[in-house]
Amino acid sequence: MLKLPKLLLSMFTLGSLMANGAAQADESVVTLKLAHFLPAHSVTQAQFLEPWAQRITQQSNGRIQFQFYPSMQLGGTPPQLVDQVRDGVADIVWTLPGYSSGRFPLTAAFELPFMSSSSEASSQAMWDFIQKHGQDEFADMHLLATHLTDGALVHTTKKPIHTLKDFRGQKLRAANRTAAKTIGLLGATPVAMPVPQVPEALSKGVVDGAVLPWDVVPALKLHELVKYHTETAAGTPALMHTALIVGMNKDTYNKLPADLKQVIDANSGRELSREAGRIWDNQVVETGHKLAQSRNNEIYVLPPEEQTKWMETTSQVSEDWIKDVESKGYENGKALLDEARQLIEQYNAKLPR
């Protein structure tokens with residue numbers, strides 16, 4: 001048997017070691033830091049993000065792992081989450097674009113008053129709408145999902161809200177600029193603040209109530225802080241919805257091996273958006289109701305004639321949105337709003353009856 005020269009043999013051995021090392025590197029574990037502003041036991045983490053992360057870990061054969069940072073454990077404030085994912089402080093965030101006033105005008109279309117009655121339908125509609133028109137809004141991140149919470153309603157501490165006149169003299173927490181305009185038109189004084197600040201603000205009387213969806217009731221123990229809840233009837237448009245996103249750092253995504261990108265891609269997009277909307281539609285409202293009822297709180301359902309008055313009173317918010325997006329360079333804001341509504345109706349028609 002011929003013997004390889006020592007130099008050639010050494011080169012062959014070194015090449016083999018390097019190839020093995022590269023193969024091992026390709027099989028290395030990637031740990032993604034996932035941050036959001038609610039507690040770990042919230043619907044957001046326990047029912048949505050954790051099951052999603054577990055699927056990705058399983059489908060990647062354990063090569064993608066997740067480290068959760070709830071309640072802003074990476075520091076900063078909720079409005080800074082969009083910058084944290086852009087800058088790589090977090091690899092993935094679940095956040096509310098509306099906290100960053102004016103930066104996501106097209107996304108805000110889905111937060112307009114009385115826009116939708118279904119989070120599942122509207123979450124898919126928002127994904128399609130943003131993919132077509134709103135790519136520039138999310139140029140700083142790799143967008144994984146868009147979704148809406150369940151419909152926001154009015155929670156108050158001392159005075160029930162049954163009619164428009166009941167809003168007078170009330171200070172109500174608002175999530176974003178759209179919510180603040182809506183609350184102001186209804187007759188109350190809006191007070192902007194992130195969700196984590198709401199319990200203390202209610203306890204100290206800084207606000208008399210809050211416009212929030214049912215999903216945050218367990219996390220904030222809101223049912224223990226208020227006595228009255230006013231919502232629209234099932235199947236009718238909600239007072240408003242809150243738009244949320246799951247976004248990923250672009251560099252983190254781009255550095256993933258191709259097969260791991262495929263795992264992320266297979267678990268994101270319209271389908272993940274639909275899944276989130278369904279969770280908020282079907283699970284959180286019932287839970288919120290039960291907690292409110294356990295405290296003997298009043299849950300008041302707005303009669304159709306009163307809801308019509310609210311809708312007419314807040315119609316200016318949609319008109320202002322049209323002017324706002326046109327001032328930012330988008331052509332024909334009315335056509336954009338009509339398209340968003342048409343998409344919602346298209347997905348509504350596909351829901352099981």
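## Close-up views of salt bridges and a helix crossing

**View A. Glu306 and Lys309 sit about one helical turn apart, being three residues apart in helix H12 (residues 304-313).** Helices here are DSSP runs of H or I with at least four residues, strands are runs of E with at least two, and both are numbered from the N terminus. This is a predicted model, in which local features need pLDDT of at least 70, side-chain atom pairs count only at pLDDT 80 or more, and totals for chains, interfaces and linings use all residues. Residues are numbered from 1 along each chain as its sequence is written, and side-chain values use heavy atoms, leaving out hydrogens and water. The two side chains join in a salt bridge at 3.9 Å, N to O (a side-chain nitrogen of Lys or Arg within 4 Å of a carboxyl oxygen of Asp or Glu). Glu306 is buried at 8% relative accessibility, whereas Lys309 is partly exposed at 44%. Buried means under 20% relative accessible area, exposed over 50%, and partly exposed in between, with a 1.4 Å probe and protein chains only.

**View B. Lys334 pairs with Asp338 in helix H14 (residues 333-350).** Their salt bridge spans 2.9 Å, N to O.

**View C. Glu200 and Lys204 form a salt bridge.** The N to O distance is 2.7 Å. Glu200 is partly exposed, at 47%, while Lys204 is exposed, at 61%.

**View D. Asp83, Arg86, Asp87 and Arg103 are linked in a salt-bridge network.** Side chains of opposite charge can pair when their charged atoms come close. The whole structure holds 16 salt bridges.

**View E. Helix H4 (residues 119-133) crosses H14 at roughly 140°.** Their axes come within 8 Å; axes are lines fitted to C-alpha atoms, for helices over the stretch in contact, with angles from 0 to 180 degrees between N-to-C directions. H4 is therefore oblique to H14 (under 35 degrees is roughly parallel, over 145 roughly antiparallel, 65 to 115 roughly perpendicular, and the rest oblique). The contact residues divide into eight nonpolar, four polar and three charged. Ala, Val, Leu, Ile, Met, Phe, Trp, Tyr, Cys and Pro count as nonpolar, Asp, Glu, Lys and Arg as charged, and the others, Gly among them, as polar.
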